[in-house]
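Dear colleague,

Please find the structure below, handed over for your records.

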Amino acid sequence: MVTFVNKLTVHGDIDTFLAVKDRLTAYMSAQPGHVSNQTLRHVGERNVFIEVAVWQDAAAHQQAARSEQFQALIRQLVPLAQPEPGLYESVEAA
């Protein structure tokens, strides 16, 4: 399992951002290898969000992210928010 974490700082209209984010989430949730998804909003900064998505493996996430449909959705997000994405794996305790 891998976890995709994306901090999004919205500089456009928040309602428009949420609508685009919902379309992105719906698309990614339907892709093979997607396990779960959660969106968090910063309590003190209402324009900062964290997207957390669990995938079976990095290859499944990368395949979904490379699709033309995903890229078209991302192009809608770019004018609205600054993303800081990363793909993470669990670290076993020593």
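Helices (H or I, at least four residues) and strands (E, at least two) are DSSP runs, numbered from the N terminus. In that sense, Tyr88 is found in strand S4. Please bear in mind that this is a predicted model, in which local features need pLDDT of at least 70 and side-chain atom pairs count only at pLDDT 80 or more, while totals for chains, interfaces and linings use all residues. Residues are numbered from 1 along each chain as its sequence is written, and side-chain values use heavy atoms, with hydrogens and water left out.

Overall form

The chain has three helices and four strands. Read from the N terminus, these elements follow the order β-α-β-β-α-α-β. The radius of gyration, taken over C-alpha atoms, is 13 Å for the chain, close to the 12 Å that the globule rule gives for 94 residues, so the chain is as compact as a globular protein of that length. The globule rule is 2.2 Å times the number of residues to the power 0.38. Along the principal axes, the C-alpha atoms fill a box of roughly 40 × 35 × 15 Å.

Of the 94 residues, 33% count as buried (buried means under 20% relative accessible area, exposed over 50%, and partly exposed in between, with a 1.4 Å probe and protein chains only). The chain exposes about 5,900 Å², of which carbon and sulfur atoms supply 54%; accessible areas come from the Shrake-Rupley method with a 1.4 Å probe, and for residues only the protein chains shown count as cover. Contact means heavy atoms within 4.5 Å. Among the contacts in the chain with a separation of 6 or more, 73% are accounted for by residues 24 or more positions apart.

The sheet

The four strands form an open sheet in the order S2-S3-S1-S4, with antiparallel pairing (two strands pair if DSSP finds at least two bridges between them). Its edge strands are S2 (34-41) and S4 (81-88), each of which pairs on one side only. From one strand to the next, the twist averages 15 degrees; axes are lines fitted to C-alpha atoms, for helices over the stretch in contact, and angles run from 0 to 180 degrees between N-to-C directions.

A hairpin of six residues joins S2 to S3. S2 and S3 (residues 48-55) pair in the antiparallel sense over seven bridges. Within this pairing, Ser36 stands opposite Val54 in S3, Asn37 has Ala53 as its bridge partner, and Arg41 stands opposite Phe49. S3 also pairs with strand S1 (residues 2-10), in the antiparallel sense over eight bridges. There, the bridge partner of Thr3 in S3 is Val54. In a regular strand the side chains alternate between the two faces of the sheet.

His34 has its place in strand S2 and is buried, with a relative accessible area of 15%. Leaving aside neighbours within four places in sequence, His34 is in contact with Met28, Ser29, Ala53, Val54 and Trp55. The C-alpha atoms of His34 and His61 are separated by 7.4 Å, although these residues are 27 residues apart along the chain.

Tyr88, in strand S4, is in contact with Val2, Thr3 and Val5 once neighbours within four places in sequence are left aside. Tyr88 and Val5 are 83 residues apart along the chain, and their C-alpha atoms are separated by 7.4 Å.

Salt bridges

How many salt bridges does a search of the whole structure find? The search finds two, a salt bridge being a side-chain nitrogen of Lys or Arg within 4 Å of a carboxyl oxygen of Asp or Glu. In one, the side chains of Asp22 and Lys21 meet at 3.0 Å, N to O. Lys21 counts as buried at 9% relative accessibility, whereas Asp22 counts as partly exposed at 46%. Glu68 forms a salt bridge with Arg75, and the closest N and O atoms are 2.9 Å apart. Glu68 is exposed, with a relative accessible area of 54%.

Yours sincerely
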